[in-house]
Amino acid sequence: MASRDRVALVTGAGTGVGRAAALALLGDGWKVVLAGRRAEPLQQVIAESKAAAGRALAVITDVTDPDSVAAMFEQTEKTFGRLDLLFNNAGVGAPPVNLEELTLAQWQAAVNTNLTGPFLCTQHAFRIMKRQTPRGGRIINNGSISAHAPRPNSAPYTSTKHAITGLTKSPSLDGRKYDIACGQIDIGNAHTPMAARMADGVPQADGSIRAEPLMDVEHVGSTIRYMASLPLDANVQFVTIMATKMPFVGRG
């Protein structure tokens, strides 16, 4: 199937990694549903893409709300008739306070957005992908370096990103009978509004504060574009893309 006939849905598409993914896919000819909580950033991404009329659709969505998620997928199918790619990207952090000082509300906010939201989206994607013709599709989850190793005072975010790995592996198995592939992209220090603080210095495991290298977020978009370009009989199960000199590999 040519790119111009394929349909992608990107959550958290208004800024950061989601924006980069949406722009990369639109640039490659995909039809893209851009989902997010605010209309203005989504429309700005569409305008920046210079996509032809009818190829991009902004949908206001709260991934923690089951009804909002259901409406997003209903609108996607009504507008474009199918779904070939879901990028589960929307996510939030929690205040960087000592673990014992976190409130239950702060914990639940991260779990609802970073884990329950992708679960709800994956369910709806399965339902569409298994019944459409041609059958099948691809799901890509934003796992993060935090799916492997924590930063100090990051229990909610790190826990949900470890859990996303399970939500990648299980759909990878359960999706086989429907020709649904599922993979995960783990990103380290892409230059986004969320990660910009890295350049000013952030807490390290040894208690020090140090600046960390950043990489252009467009490299993340191009990686997602590659993963999405594969035929359904091939899958990037896990990929890590990171600033080369960030403190992740080794003991530094």
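Just after helix H1, Gly29 adopts a positive phi of about 100°. The model is predicted: local features need pLDDT of at least 70, side-chain atom pairs count only at pLDDT 80 or more, and totals for chains, interfaces and linings use all residues. Residues are numbered from 1 along each chain as its sequence is written, and side-chain values use heavy atoms, with hydrogens and water left out. Helices (H or I, at least four residues) and strands (E, at least two) are DSSP runs, numbered from the N terminus.

H1 has twelve residues, and its first and last C-alpha atoms are 17 Å apart, close to the 16 Å expected at 1.5 Å a residue. The expected span is 1.5 Å times one less than the number of residues in the helix. Ten of the twelve residues of H1 are buried, where buried means under 20% relative accessible area, exposed over 50% and partly exposed in between (1.4 Å probe, protein chains only). Among the buried residues of H1 are Gly16, Val17, Leu23, Leu25 and Leu26.

## Nonpolar cores

A nonpolar core is a set of buried Ala, Val, Leu, Ile, Met, Phe, Trp, Tyr and Cys residues joined through side-chain atoms within 4.5 Å. The largest one has 36 residues, of which Val32, Leu34, Ile185 and Val220 touch the most other members. Two or more residues each come from strand E1 (7–11), helix H1 (16–27), strand E2 (31–36), helix H2 (39–49), E4, E6, H6 and strand E11 (238–242). H1 gives the largest share, seven residues.

Leaving aside neighbours within four places in sequence, Val32 is in contact (heavy atoms within 4.5 Å) with Ala8, Val10, Ala22, Leu25, Leu26, Arg55, Ala56, Leu57 and Phe80. A second, separate core has 24 residues, including Leu9, Val69, Leu86 and Cys182.

## Strand E4 and its partners

Strands count as paired if DSSP finds at least two bridges between them. E4 runs parallel to E1, to which three bridges join it, and parallel to strand E5 (residues 137–142), with four bridges. Leu86 of E4 stands opposite Leu9 and also opposite Ile139 in E5.

From E4, Leu85 and Phe87 point one way and Leu86 and Asn88 the other, and all are buried. In a regular strand the side chains alternate between the two faces of the sheet.

## Phe73 in helix H3

Phe73 belongs to helix H3 (residues 66–80) and counts as buried at 2% relative accessibility. Beyond its neighbours within four places in sequence, Phe73 is in contact with Leu9, Leu83, Leu86, Cys121, His124, Ala125 and Ile128. Phe73 and Leu83 are ten residues apart along the chain, and their C-alpha atoms are separated by 8.8 Å.

## Helix H6

Helix H6 (residues 218–229) has twelve residues, which at 1.5 Å a residue should span 16 Å; its end C-alpha atoms are 16 Å apart, which agrees. Its buried residues are Val220, Gly221, Thr223, Ile224, Met227 and Ala228. Seen down the axis of H6, these fall within an arc of 160°, so they line one face of the helix; the arc is that of the directions from the helix axis to the C-beta atoms.

## The aromatic pair

The structure holds one aromatic pair. Rings of Phe, Tyr and Trp (its six-membered ring) pair if their centres lie within 6.5 Å; planes under 30 degrees apart count as stacked, over 60 as edge-to-face and the rest as tilted. The ring centres of Phe126 and Tyr178 are 6.1 Å apart and the planes are at 85°, so the pair is edge-to-face.

The pair links distant parts of the chain, 52 residues apart: Phe126 is in helix H4 and Tyr178 in the loop between helix H5 (155–174) and strand E6 (180–188). Phe126 is buried at 13% relative accessibility, and Tyr178 is buried with a relative accessible area of 18%.

## Loop residues

A cis peptide bond, with omega about -5°, joins Thr133 and Pro134, and Pro134 lies in the loop between H4 and E5. Ser144, in the loop between E5 and H5, is a residue other than glycine with a positive phi, near 85°, and is buried at 8% relative accessibility. Asp179, in the loop between H5 and E6, has a positive phi near 65° and is partly exposed at 36% relative accessibility.

Asn98 is placed in the loop between strand E4 (85–88) and helix H4 (104–131) and is partly exposed, with a relative accessible area of 35%.
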